[in-house]
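Me: I am new to this structure and would like to learn how to read its features. Could we go through them together, one at a time?

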Amino acid sequence: MGQTTGSFEQAIDAQGGKEKNASVIMFARLGTMMLLEGFVWGSWFATLGLVLATHQLPTIIGYAYSLAAVAAIVSPLFLGAIGDRFMASQKLLGIAHLLGAVLMLFVPSAVLAGAGWLVLLLIFAYMLLFQPTCGLINQIAFRHLDASFFPYIRLPLTIGWIGSGLFVGYLNLSASTGIFTVAGCASILFAVYAFTLPATPPAAKGNKLSFGDLIGARAFVLFQDRNFAILFVCVFLTSTSLGVYNTFGSAYLGALGIQNVAGVLAIGVTSELLFISTIPFVLKRIGVKWAMLLGMGMWGLRFTLFIAAAHGHASLAIASVALHGICNDFFLIISAMYVDRIAPEKVSAQAQSWLILDINGFGALIGSFAAGQIFGATVAVMPDAGPAAWTPIWLVPIGSAVITAVLWISLFRLSVKEEPKRLVLPESAQ
C-alpha cells in the first residue's frame with residue numbers, strides 16, 4: 001500500500017542533511033506567517049459569541065459558528081485543488097486575506113444595526129475565504145521545512161492568538177464590535193506580507209483538472225488506509241467538542257461573571273506554548289496513537305470542569321481554559337504532522353484541506369449546531385436560571401470524548417516504534 005520515507009523519531013532527532021530548507025531566515029519568515037494568521041483569527045473568533053450576546057443577538061450565536069463550519073466544508077477543497085494545480089499557495093493566501101479584510105470591516109455596522117441576517121451573511125462569506133488559509137499555511141510550512149520542525153513553526157501562531165487576545169482585552173474590546181475592525185486591519189497587513197513569502201508553486205502543475213479535483217477526490221486514496229480513516233472519524237468527533245467550546249465558551253465565561261474574557265481565553269492559548277514544545281519528546285516516548293489519545297481524552301475533562309464551575313467555582317472554568325494547550329496541540333498539530341507524513345506530495349494541499357474540513361467543517365458544524373439547539377431550549381428560555389442551565393450543553397462533548405477514546409484505542413493500529421507509511425497514488429490518480 002505504501003512505503004516508509006523515514007522514521008518519525010529520525011525526523012525529530014535529525015539536525016542536518018535535510019532536503020528542505022531549515023535555515024533561520026526561512027524559519028523566521030514562516031514563523032511571521034503563522035503569527036499573523038493567529039492574530040487575525042484570534043482577534044475576533046474567540047469572543048464572537050460574547051459580542052453577539054452583548055448586542056442583543058444571542059439567538060444567532062449558534063448559527064454564526066455553524067456557518068463558519070459550513071464554509072470550512074465548502075471552500076478548502078476547492079482552493080486546495082487550485083493550490084495543487086494552478087496558483088502558488090502564498091498568492092492564494094494573500095488574495096484570501098485581502099478579500100476577507102474588506103468583508104470583516106463591514107461587520108461592525110451590521111451588528112450595531114441589529115441586522116442578524118446580514119451579520120451571518122458577512123461572517124459566512126468571510127469564512128469561505130479564511131478557512132482555506134488554515135490548510136494553506138500548513139502546506140507552505142511543510143514544503144519549506146522538515147515535518148519535524150512543524151510543532152515549533154506553529155508556536156508563532158499560538159503567540160499571535162495570545163497577542164490578539166491580550167490586545168483586545170487591554171483595549172476593553174472583548175464584547176465590542178471593535179474586534180472586527182482589529183481583525184480587518186490585521187488581515188490587510190497579512191495579505192501584503194503573504195505575497196512576500198517563499199514561492200510555493202503548485203505540486204501538480206500542468207495536470208488536467210477534473211470535477212474530482214474540485215472536491216478533493218484525488219485525496220480519497222488516503223481513506224484506503226485504515227489508520228487514516230479512523231483518524232478522520234476520531235478527529236471529527238473531537239472537533240464537535242472544539243465546535244461547542246468555540247461557540248459558547250466565551251459567553252459561558254461571561255455568564256460566570258468572569259471579567260476580561262479575552263484575556264482569560266488567552267490563558268488557554270498560552271498553555272499551547274508549553275505543550276507544543278513537548279510534542280517531539282512525547283512522540284518519541286509514546287508514539288502517535290497514545291499522544292493523540294491524551295489530547296482527545298482531555299476534552300472530556302475540561303467540560304467536566306465547566307459543569308463544576310457552575311456551582312460557585314468559577315476558578316474551575318479558568319482551569320478548564322488552561323487545558324486548551326494539551327487538548328489542541330496533541331490533537332490538531334500531531335494530526336497535521338501525521339497527514340503530512342502519509343500523504344503523497346501531489347495531493348498534499350488536498351490532504352491538509354481534508355483535515356481542515358474535518359476539524360473546522362464537519363466536526364465544528366455538528367458541535368456548533370447541537371450546542372446552539374440546546375442553548376435555545378435551555379439557557380435562552382431560562383435567562384435567570386444561572387450558569388447551571390448550561391450543563392446540558394457541556395454533556396455533548398463529554399459523551400463525544402468517551403466514544404472517541406473507545407474507537408481510537410480499539411481500531412487505530414500504530415505501535416510506539418512503528419513508522420507511519422507514505423501512501424502511493426495509484427496510476428489512475430497520478
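Predicted model: local features only at pLDDT ≥ 70, side-chain atom pairs only at ≥ 80, totals over all residues.

Me: How many residues in the lining of the largest cavity are nonpolar, polar or charged?
Reply: To read a lining, sort its residues by type. Here the lining of the largest cavity divides into 22 nonpolar, 13 polar and four charged residues. That makes 39 residues in the lining, with W41, W161, L242, N328 and L332 nearest the centre of the cavity.

Me: What volume does the largest cavity have?
Reply: Its volume is about 630 Å³. The model has four cavities of 30 Å³ or more.

Me: Which helix gives the most to the lining of the largest cavity?
Reply: That is α13, with seven residues. Several helices supply at least two residues each, including α2 (24-45), α10 (155-170) and α17 (324-342).

Me: How many aromatic pairs are there, and how do I read one?
Reply: There are 31 aromatic pairs in the structure. For each, look at the ring centres and the angle of the planes. The rings of F223 and F232 have centres 5.1 Å apart and planes at 75°, so this pair is edge-to-face, since planes over 60 degrees apart count that way. F223 is partly exposed at 29% relative accessibility, whereas F232 is buried at 15%.

Me: Which residues form one aromatic cluster?
Reply: Among them are Y245, F248, Y252, W299 and F303. Two of these rings also have a charge over them: the charged end of R302 sits over the ring of Y245, 4.1 Å from its centre, and over the ring of W299, 4.8 Å from its centre.

Conventions:
Residues numbered from 1 in each chain as written. Heavy atoms only, no water. 1 Å grid on protein atoms, 1.4 Å probe; cavity = no way out; pocket = protein on both sides within 12 Å on 5 of 7 lines; lining within 4 Å. Points joined across faces, edges and corners; volume = space filled by probe spheres on them. Helix = DSSP H or I, 4+ residues; strand = E, 2+ residues; numbered from the N terminus. Nonpolar A, V, L, I, M, F, W, Y, C, P; charged D, E, K, R; others polar. Phe/Tyr/Trp six-rings, centres within 6.5 Å; stacked < 30°, edge-to-face > 60°. Buried < 20%, exposed > 50% of the residue type's maximum accessible area, 1.4 Å probe, protein only. Lys NZ or Arg CZ within 6 Å of the ring centre and 35° of its normal.
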